[in-house]
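Subject: Structure handover

Hello,

Please find the structure below, followed by notes on what was found in it.

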Amino acid sequence: MTVMEQRGAYRPSPPPAWQPRMDPAPLLPDAEPYRVLGTEAAAKSDPDLLRRLYAQLVRGRRYNAQATALTKQGRLAVYPSSTGQEACEVAAALALEERDWLFPSYRDTLAAVARGVDPVEALTLLRGDWHTGYDPYAHRVAPLSTPLATQLPHAVGLAHAARLKGDDVVALAMVGDGGTSEGDFHEALNFAAVWQAPVVFLVQNNGFAISVPLAKQTAAPSLAHKAVGYGMPGRLVDGNDAAAVHEVLSDAVRHARAGGGPTLVEAVTYRIEAHTNADDATRYRGDAEVEAWRAHDPIQLLEHELTARGLLDDAGLEAARQDAEEMAADLRERMNRDPELNPMDLFDHVYAETTAQLREQRALLRAELEAEQDDQEGDLR
Amino acid sequence: MTTVAVKPATMAQALTRAMRDAMAADPTVHVMGEDVGTLGGVFRVTDGLAKEFGEDRCTDTPLAEAGILGTAVGMAMYGLRPVVEMQFDAFAYPAFEQLISHVSRMRNRTRGRMPLPITVRVPYGGGIGGVEHHSDSSEAYYMATPGLHVVTPATVADAYGLLRQAIASDDPVVFLEPKRLYWSKDSWNPEHPTDVEPIGRAVVRRPGSSATLITYGPSVPVCLEAAEAARAEGWDLEVVDLRSLVPFDDETVCAAVRRTGRALVVHESTGFGGPGGEIAARITERCFHHLEAPVLRVAGFDIPYPPPMLERHHLPGVDRILDAVARLQWEAEG
């Protein structure tokens, strides 16, 4: 008996257990970033939505300027500006319902603020008087995540848990182009697709991971194309076109809420400022590139649309500016007060019940503080 | 009065029962990990849970430990109590960033607003003939991370009791399961599990007057065996089972050392940078004037975990423990 005879039938192709999983074509992103403003699609946009987006963009730009100024005055330890990326930040917040969750990275304080977080509390991490300054459950905004892409699996888990509980809650997770190289980005997208979790991943491709340009970050046709490998749709959008970003994200949120699973959205934008105040962008990019992007400014794009179509008059523009100035003045005034610090807080939230060891260390610090105070009182006498 | 027949149960069975009872008592408890569903885990510790509670409650996840723990964080944020299985000690390392940067810190980061009640079960330690990456003692890494509880049972009753406590805890618990004790048996009644001491308390497993062996997890039975053998040498050894490395029970440990005046820390983990150094330092700081001899350590060698055919030379055994006991400066007594 030959080996063939012993084994029975001979199959030149794999057994039927192997099947192509799905047609990848519908998952593929468009060749060009989707745009609304300045195109025929703009006529279909809701004027009220455009006005709301505009007001938030103007506030957002002012917020970025104020936070940057506070850094120069020593009121913030560091500020990673989202200047130029306001359309993504604002649209992310406005695309969600109140019951939904936002998972921001450290550059996304503006998205948190646009969702309702008090700017002072949003900036607590960057001022340095605590880590997370706001109650994550108050506005359903997860703590700002500093380790890149690590918040993405959290968003997947939360969305999955909500679905298990029968709540129609969607999680929107934000990450940058650099973050897409992290392992957690891959694992989060894979889990989300396998579980069909109601999550929307928003990648703000702002051109740089600190100094490293996208060309050194990936060889993928686009970041949106990465979605296809996980079995979810990838969408490519002009990240400076607030109406387009809002539409794409809203569609993805609706799709997720309806049980359609996750979507990866790549918003093509540009980081106008350096990585943070501590960075020097002139070491890795030229003025011409920055100027080209300044000419594709998210506020100008929307302002042009609104004024050209007569949806916002000079008084409306002025009102938006006035509102932003008031927000900035309030932020400036409150951030110029020294935060109240209580060193004892350091021990109180490590565990639900403070351990004996931490109680000892707490007492040690208290004694040090008391000695310090006695010294100061002694000096005064 | 009826007497309940007490059959011997294995540690693995007690662990399964703990998860089963926790899941039955609390619908927010979810078990997740690699192969935990249909297969029941590579050690069968989650056997039957998917069948009884459904795959939404006992979930086979994709093979990615950071993703498993990272999604568990999100589930805990939404009010669930995930019980995560890391398949083997060394396969938990991809989840380190989630554990160190998020799981351990979220409560503190949010001033207590966002606690993460996650149990991370990690089969650990050697002695089962495992090939490379299947026998690490990784407890020192976890101990060095504030915000985590680090717990390890050595008895069948503790396996059940401590795991129930871990799952009920509002803090993250790294639950280290000594895999060579999975099949150890004890008369333990799953229908009437007795209460055990809380997480954070050490227990004297064997009282003694000559010296105190301080140990945990897989080394507890080894120390008990050594204590029996030591009787022939005229030593009456006390054995303290730490049960909980974090929080650490200074009180029980120091009381024991003050009674005997001599202390020996025994663990599989490497000696250099291992838990024994911390424990010896704590004893010295607190009980110096009660000590008749320096605190000694019997630990695994400072080498990468050996291949299975050589592991017996690495693991602390009865002889190495007794040799160390002999070095506790007994002559100074005379």
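**Annotation and domains of chain A**

In UniProt, an unreviewed entry carries the annotation "domain: Dehydrogenase E1 component" for residues 64-343 of chain A; such positions are given in the numbering used here, feature names are shortened, and annotations may be inferred rather than shown by experiment. This is a predicted model, in which local features need pLDDT of at least 70, side-chain atom pairs count only at pLDDT 80 or more, and totals for chains, interfaces and linings use all residues. Residues are numbered from 1 along each chain as its sequence is written, while chains are lettered from A and ligands numbered from 1 in the order in which they are written.

The span 64-343 of chain A is 45% helix and 11% strand, with its end C-alpha atoms 30 Å apart. Helices (H or I, at least four residues) and strands (E, at least two) are DSSP runs, numbered from the N terminus.

An automatic or database assignment divides chain A into domain 1 (25-335) and domain 2 (345-380).

**Helix 11 of chain A**

Helix 11 covers residues 242-257 of chain A. Its buried residues (20 or more other C-beta atoms within 10 Å of their own, C-beta atoms being placed from the backbone) include A:Ala242, A:His246, A:Leu249 and A:Val253. Just after helix 11, A:Gly259 has a positive phi of about 95°.

**Chain B**

Chain B has 12 helices and 14 strands. Its C-alpha trace spans about 65 × 55 × 40 Å along the principal axes. Of its 334 residues, 55% are buried.

Regards

Terms used. The expected span of a helix is 1.5 Å times one less than its number of residues. A residue is buried if 20 or more other C-beta atoms lie within 10 Å of its own, exposed if 12 or fewer, and partly exposed in between; C-beta atoms are placed from the backbone.
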